[in-house]
Amino acid sequence: RGLCNGFRLLRAFLRAFGHHLLPDACVVVRLGYQKGRLAQARRQMKWVSGMTVRILFVCLGNICRSPLAEGFFRHEAGLAGLEIEADSAGIRDWHEGNPPDKRSIKVAAAHGVDIAGQRSRPVVPEDFARFTHIVAMDRSNLEALSAMAPTGCVARLSLLLDHAEGLAGQDVADPWHGRADAFERCRDEVLLGVRGLLRHIGGAN
């Protein structure tokens, strides 16, 4: 009975206000209704009711940590049935145009995630308007981003591990000088952060 009442209210809402809705929102509601998946429609509606969510992950050179974050975020979002734009960049342009570190590629592939096609790039001023969330791997990255951010910056700046329970304020350690196990630990921290970030964004929109 509660579900039927929900559909009646939804139909009434669409009749009265449907022409004011964003086209994407109408599609999400319609698909959710047709498939009898009201909960999914409500969840997807959160993503289109405001700005489209876009995530940029940032580390120092964009070859170790942030490519892993981008790759695993895309993977986890896909598992959740969400289509969210994600990218990664570096504070410095040292490796611009290069693929991720081979050790990052290897550890990602070992967990079913392909990041080999990514290419390093530096953060640019336009990123602060294009992305809704810019997520730094460590505090020095976050400080650099804060200094770069223009007045009226649209993007929300945070640390990746701010979104992992019990790890707020902590850095994702840079594995570049370490051995293979350092990259595995990095992947574990990244995964905690991206899963928490997905929960955070879903609850905040």
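**Salt bridges: worked exercises**

**Exercise 1.** In this predicted model, how are the side chains of Arg121 and Asp127 joined, and are the two residues buried or exposed?

*Solution.* Step 1: the side chains of Arg121 and Asp127 form a salt bridge, with an N to O distance of 2.9 Å. Step 2: the cut-off for a salt bridge is within 4 Å, so the contact at 2.9 Å qualifies. Step 3: both Arg121 and Asp127 are buried.

**Exercise 2.** Find which parts of the chain are tied together by the pair Arg65 and Asp138, and classify each residue as buried or exposed.

*Solution.* Step 1: a salt bridge links the side chains of Arg65 and Asp138, at 2.9 Å from N to O. Step 2: Arg65 belongs to helix α4 (residues 65-79), while Asp138 sits in the loop between β3 (133-136) and α7 (139-148), so the pair ties together parts 73 residues apart in sequence. Step 3: Arg65 has a relative accessible area of 2% and is therefore buried. Step 4: Asp138, at 11% relative accessibility, is also buried.

**Exercise 3.** Classify the residues of the salt bridge between Asp188 and Arg187 by accessibility.

*Solution.* Step 1: the side chains of Asp188 and Arg187 meet at 3.1 Å, N to O. Step 2: buried means under 20% relative accessible area. Step 3: Arg187 has 14% relative accessibility, so Arg187 is buried. Step 4: Asp188 has 36%, so Asp188 counts as partly exposed.

**Exercise 4.** State how many salt bridges the structure holds, and which residues are linked with Glu85 in a network.

*Solution.* Step 1: the structure holds 12 salt bridges. Step 2: Glu85 is linked with Arg54 and Arg130 in a network of salt bridges.

Technical notes:
Residues are numbered from 1 along each chain as its sequence is written. This is a predicted model: local features need pLDDT of at least 70, side-chain atom pairs count only at pLDDT 80 or more; totals for chains, interfaces and linings use all residues. Side-chain values use heavy atoms; hydrogens and water are left out. Helices (H or I, at least four residues) and strands (E, at least two) are DSSP runs, numbered from the N terminus. Buried means under 20% relative accessible area, exposed over 50%, partly exposed in between (1.4 Å probe, protein chains only).
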